[in-house]
Amino acid sequence: MPYPEHRPRRLRRSPALRRLVAETRVDPAELVVPLFVKEGLTEPRSVPSLPGVLQHSRESLRKAAVAAVQAGVGGIMLFGVPADRDELGSGGANPNGILNAAIRDVVSEVGDATVVMSDLCLDEFTSHGHCGVLASDGSVANDATLAAYAEMAVAQAQAGVHVVGPSGMMDGQVGVVRRALDAAGHQDVAILAYTAKYASAFFGPFRDAVESTLDGDRRTYQQDPANLRESLREVALDVAEGADMVMVKPALPYLDVVAAVRAAVDVPVAAYQVSGEYAMVEAAAANGWIDREQTMLETLTSIRRAGAQLILTYWAVEAAQLLRQRY
């Protein structure tokens, strides 16, 4: 057998060599942790379908925000779970509503030590569970919903948020939110646009976390999983309307979309490793079928390798601690 002229294995022979030549690294500062706060709780409550994830009280949310900062996590994305909901999702724009109160709590606790982000959508606040205002025929009324998003964005900005995340996939949502923020004097509040959000089965455990009341699906406004080119149209529109960052959601089943979006734009690209992705790994690890920590870091590395500069993940704090130990 001829002697091999090329031996790529030389650079794999030790952990130190592998670290030295690694092409992709996940930095804790690129991770964003989603946190849920439920109105009326006095103690945090577990989410059964998301092991290790909590519905926080306002007090425990403050502590979780501090823990994220201490771990070196780059950002926090806040989701509110209100005690009461109505057809219009009016609690989202209420200055004293749970999400806006939580923004004030977290900003007062951590200031600018991390980036405080907030979900900008009506689904957690509507009695029907859809991401917008319903028309008389039961469909989601795009333009009426945009008006609600504008009001909600201003309320979040007044509460002190650094970044708003319009996630409802309404046509024109980025432009409307940008104009509303600017008109209210909040030109410095950035927009992380949920640009390519697919109508995915991987969102199931998240809906437990926010106690979703949705009956039906969101296929008339979230994207068809079969489509990639459509995402490139969406991202071009969002950037033209003023998005500061864009996001693909879910992450792992859509790494090709992440890569295509990264190639198409010059703004930061985020990917959301959603609840179903997290829950699958946790369930398999609990059964002893896979190595939990290795799988956690491997999935995050694959998302980063595909081109996501920012990763929203429920493992953010734990992964940041592991990464700091390793590097």
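Reader: Does C131 count as buried or exposed?

Author: Start with the cut-offs. Buried means under 20% relative accessible area, exposed means over 50%, and partly exposed lies in between (1.4 Å probe, protein chains only). C131 has 0% relative accessibility, so it counts as buried. Keep in mind that this is a predicted model: local features need pLDDT of at least 70, side-chain atom pairs count only at pLDDT 80 or more, and totals for chains, interfaces and linings use all residues. Residues are numbered from 1 along each chain as its sequence is written, and side-chain values use heavy atoms, without hydrogens and water.

Reader: How many disulfides does a search of the whole structure find?

Author: A disulfide is a covalent bond between the sulfur atoms of two cysteines. The test here is a pair of cysteine sulfur atoms within 2.5 Å. The search of the whole structure finds 0. C121 is in none; its nearest cysteine sulfur, that of C131, is 3.5 Å away.

Reader: What is the count of salt bridges?

Author: Side chains of opposite charge can pair when their charged atoms come close. The rule asks for a side-chain nitrogen of Lys or Arg within 4 Å of a carboxyl oxygen of Asp or Glu. By that rule the count is 10. One of them joins K38 and E211, at 3.2 Å from N to O. This pair links distant parts of the chain, 173 residues apart: K38 is in strand β1 (residues 31–38), E211 in the loop between α6 (204–209) and α7 (229–241). Helices (H or I, at least four residues) and strands (E, at least two) are DSSP runs, numbered from the N terminus. K38 is buried, at 12%. E211 is partly exposed, at 31%.

Reader: Which residue forms a salt bridge with E282?

Author: R292 does, with the closest N and O atoms 3.0 Å apart. E282 lies in helix α9 (residues 275–286) and R292 in helix α10, so the pair ties together parts 10 residues apart in sequence. E282 is buried, at 9%, whereas R292 is partly exposed, at 25%.

Reader: Which side chain meets R292 in a salt bridge at 2.7 Å?

Author: That of E318. The two are 26 residues apart, with R292 in helix α10 and E318 in helix α11 (residues 316–326). E318 is partly exposed, at 25%.

Reader: Which residues are linked in a network of salt bridges?

Author: R58, R62, D105 and E109.
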